[in-house]
Amino acid sequence: MISSTMQHLLLLLLIFLTTQHFIIPSLSEKCNPQDKKALLQIKKELGNPTELSSWNPTTDCCEHRKWAGVFCTETGTYRVDNLDLSDFNLPKPLPIPPSIFTNLPYLSFLYISRIPNLVGPIPPSISNLAKLKYLYIIHSSISGEIPNTLSHIKTLLTIDFSHNKLTGPLPESLSSLPNLLGISFDDNQLTGTIPESYGSFSKLTSFTLSTNRLSGKIPASLAKLNLAFVDLSQNTLEGDASVFFGSKKSTQKIWLDRNLFSFNIGKVGLSKNLEAIDLRNNKIYGTLPKGLTKLKYLSKLNVSNNDLCGEIPVGGKLQRFDESCYAHNRCLCGSPLRACKA
Ligand SMILES: *[C@@H]1O[C@H](CO)[C@@H](O)[C@H](O)[C@H]1NC(C)=O
């Protein structure tokens, strides 16, 4: 049995805890005042959209799922480290809220997605986010050039600006980012060539630049990369893209379709992890390597509209792809195309 004094104490404790929680929330509020101020400023800069109605100045921005898209570090100090702004219907075209870049120094994950009315450039001040690891600004209407200052954020692991209206060149300086794992700039209006310096990425595993206006030759230095996924489709790139192949690499997907690439496919080494190879609509020549029949995971292959010749190797998965995957080459023959002349 608990003594009556003990009961009394417990009751007092209970009252104390309850009042702490309900009457004086500021004492237990985890949200850092500077972060709260920055978030409310961001809300204002976005024209107070209804999607941010949960960002209420009288509540705790770090309380789990209280403020939509806001997450805080949980160790020691509570600071906003994770911001997700997606699916906003802004009433008029607005720039990326500048306060994101100047007043949230602990951000490590920034995800901005599907805001059609988000316009204007990515400001050079993005480099103030000195702890940023994951950067996504996708499916919006961002324009201008990719800022060179990104190369100052040494913590970056992923940069994804796909599906926007970015113009200008690929910044050479990105190659100085020591930990970069992924670059995705698909579906923009980028021009110029792929910088030679990109061969010096040591950890890059995903490199996707499809549907842009990139041109020129692939630098030979890129042979040093070991990419799991490369997508350069729908550009006007030319030259020798065999640098992406190699039997010692762990490449899974190579998408080079709809370019002006010209190299001998017969000589490439094949990663045994290859799942998808799309080379259609190029000027690739030579005969298909026999090693293609050994690829266990191959589920997509399209080499149509090139200058290939000789017999399609028999075996593995190669006869499971239909004619359209081999059609319109110079003199490619054998199943599933018509038999080679003896
Ligand atoms: C292969 O590419 C050609 C275009 O060159 C396209 O018409 C065909 O549908 C593709 N085949 C498959 C199975 O995707």
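In this predicted model, Cys325 has a relative accessibility of 11% and therefore counts as buried, and its sulfur lies 17 Å from the closest cysteine sulfur, that of Cys333, which is too far for a bond. Cys325 is also one of the residues that surround the ligand, the others being Arg280, Asn281, Asn302, Ser304, Asn305 and Ser324. Sorted by class, this shell consists of one nonpolar, five polar and one charged residues.

Of the 370 Å² of accessible area that the ligand has on its own, the protein covers 55%.

Cys31 is joined to Cys61 in a right-handed link with 85° about the S-S bond, and it connects the loop between helix H2 and helix H3 with the loop between H3 and strand E1, 30 residues apart. The disulfide of Cys62 and Cys72 is left-handed, because its torsion is about -85°; Cys62 lies in the loop between H3 and E1 and Cys72 in strand E1, so this pair ties together parts ten residues apart in sequence.

A further disulfide joins Cys309 to Cys331, of which Cys309, at 14% relative accessibility, counts as buried, whereas Cys331, at 38%, counts as partly exposed.

Note on methods
Residues are numbered from 1 along each chain as its sequence is written. This is a predicted model: local features need pLDDT of at least 70, side-chain atom pairs count only at pLDDT 80 or more; totals for chains, interfaces and linings use all residues. Side-chain values use heavy atoms; hydrogens and water are left out. A residue is near a molecule or strand if one of its heavy atoms lies within 4 Å of it. Accessible areas come from the Shrake-Rupley method with a 1.4 Å probe; for residues, only the protein chains shown count as cover. Ala, Val, Leu, Ile, Met, Phe, Trp, Tyr, Cys and Pro count as nonpolar, Asp, Glu, Lys and Arg as charged, and the others, Gly among them, as polar. A disulfide is a pair of cysteine sulfur atoms within 2.5 Å. Helices (H or I, at least four residues) and strands (E, at least two) are DSSP runs, numbered from the N terminus. Buried means under 20% relative accessible area, exposed over 50%, partly exposed in between (1.4 Å probe, protein chains only).
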